[in-house]
Amino acid sequence: MASEAAGGPEGPFFAYGEAETAFICERCPKMAWAVEQIGHINRPVIPDPYAALVNSILGQQISTAAHKTIWRRLLDEVGEVTPQAVAALSDEELQGLGTTFRKVGYIRALTERVADGRLDLDALQTMDDAEVERQLVALPGIGKWTAEMIMTFSLQRPDVMSQGDLAIIRGLRMLYHHRRITPQLFERYRRRFSPHATVASLYLWAIAGGAIPGMRDYAPKRPAPARGRGGAQAPRDRG
């Protein structure tokens with residue numbers, strides 16, 4: 001979801017400005033240094049929650065390149081990703097984009113719940129983060145990490161930092177020279193940057209993706225390290 005497939009190089013981008021960066025810089029000298037090195041970050045978003053959810057489902061457990069290709073095929077097929085446009089496609093047409101029948105089932109379930117009113121996507125805008133997460137994880141194929149990415153890269157909530165995101169954990173290790181990020185340590189950093197933790201997350205993703213040359217990951221070496229997908233390298237829920 002946080003991949004380039006989410007919006008495209010021309011935007012729209014996650015909206016933040018000097019007030020948010022000033023806050024996280026004041027909270028931490030090391031983050032202030034990173035912000036100075038990296039500059040403003042343009043991260044694509046999909047403002048429509050339905051399209052963002054479909055995008056996220058399609059991207060589960062595949063490479064960023066494959067995700068981009070499948071998303072582009074869907075856009076070429078329907079123009080605009082809406083419940084009506086997707087409902088008009090057959091299961092075979094959806095699967096023919098390069099996705100799995102399991103994911104087709106997840107997309108069908110999402111589309112049906114939106115169509116019959118069981119899921120009111122407009123109402124998400126007025127809910128707090130905890131309620132948005134509760135609504136989203138009730139959907140087949142959507143777990144906590146995906147819900148957090150929807151809150152970040154669709155709803156643009158200001159205070160999201162995902163403990164389940166491998167790249168954010170990597171960014172924390174790299175910036176603060178930790179060998180391991182425990183839940184307690186993660187929570188300390190999340191509280192430090194609240195209520196603008198989402199902007200801190202953008203910089204941690206950038207750090208993890210190599211935005212500052214010479215920085216390294218301090219995690220202990222392992223024979224077969226777990227791999228994330230960089231900037232949005234993270235667990236892919238139940239795809």
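A helix is here a DSSP run of H or I spanning at least four residues, with numbering from the N terminus. The structure is a predicted model.

## Helix α7 and its surroundings

Helix α7 covers residues 101–115. After α7 comes Gly117, which has a positive phi near 90°.

The buried residues of this helix are Lys103, Val104, Tyr106, Ile107, Arg108, Ala109, Leu110, Thr111 and Val114. The elements against which the buried residues of α7 pack are α3, α5 (83–87) and α6 (91–95).

## Thr111 within α7

Thr111 belongs to helix α7. Its relative accessible area is 5%, below the 20% limit, and Thr111 is therefore buried. When neighbours within four places in sequence are set aside, the contacts of Thr111 are Tyr50, Pro83, Val86 and Ala87. With one of these residues, Tyr50, the side chain of Thr111 also makes a side-chain polar contact of 2.7 Å.

## The buried side of helix α11

Helix α11 consists of residues 183–193, and its buried residues are Leu185, Phe186, Tyr189 and Phe193. These residues lie on the same side of α11, because the arc they cover around the axis is only 100°. An α-helix has 3.6 residues a turn, so residues three or four places apart point the same way.

The cover over the buried residues of α11 includes α1 (18–27), α2 (29–38), α10 (166–176) and α12. Tyr189, one of the buried residues of α11, also has a charge over its ring: the charged end of Arg188 sits there, 5.2 Å from the ring centre. A further arrangement of this kind involves Arg216, whose charged end sits over the ring of Tyr218 at 3.8 Å from the centre.

## From α11 to α12

The loop between α11 and α12 contains Pro195. The peptide bond that joins Ser194 to Pro195 is cis, with omega about 10°.

Helix α12 comprises residues 197–208, among them Trp205. The relative accessibility of Trp205 is 2%, and Trp205 therefore counts as buried. Between the C-alpha atoms of Trp205 and Leu172 the distance is 9.2 Å, although 33 residues separate the two in sequence.

## Aromatic pairs

A pair of aromatic rings is described by the distance of the centres and the angle of the planes. The count of aromatic pairs comes to four. In the pair of Phe14 and Tyr16, the ring centres are 6.5 Å apart and the planes stand at 45°, so this pair is tilted. Phe14 counts as buried because its relative accessibility is 4%, and Tyr16 is likewise buried, with a relative accessible area of 10%.

Tyr16 also pairs with Tyr203; this pair is edge-to-face, with 6.4 Å from centre to centre and 80° between the planes. Distant parts of the chain are linked by this pair, since Tyr16 lies in the segment before α1 and Tyr203 in helix α12, 187 residues apart. Tyr203 has a relative accessibility of 1% and so counts as buried. Through these ring pairs, Phe14, Tyr16 and Tyr203 form a cluster.

## Positive phi in two glutamines

Gln61 is not a glycine, yet its phi is positive, about 60°. Its position is in the loop between α3 (49–58) and α4 (64–78). With a relative accessible area of 55%, over the 50% limit, Gln61 is exposed.

Gln156 also has a positive phi, near 55°, while being a residue other than glycine. The loop that holds Gln156 runs between α9 (144–153) and α10. The relative accessible area of Gln156 is 26%, and this residue is therefore partly exposed.

Conventions:
Residues are numbered from 1 along each chain as its sequence is written. This is a predicted model: local features need pLDDT of at least 70, side-chain atom pairs count only at pLDDT 80 or more; totals for chains, interfaces and linings use all residues. Side-chain values use heavy atoms; hydrogens and water are left out. Buried means under 20% relative accessible area, exposed over 50%, partly exposed in between (1.4 Å probe, protein chains only). The arc is that of the directions from the helix axis to the C-beta atoms. Contact means heavy atoms within 4.5 Å. A polar contact is a pair of N or O atoms within 3.5 Å; within protein, one must be able to donate a hydrogen and the other to accept it, and residues adjacent in sequence count only if both atoms are side-chain atoms. Rings of Phe, Tyr and Trp (its six-membered ring) pair if their centres lie within 6.5 Å; planes under 30 degrees apart count as stacked, over 60 as edge-to-face and the rest as tilted. A charge sits over a ring if NZ of Lys or CZ of Arg is within 6 Å of the ring centre and within 35 degrees of the ring normal.
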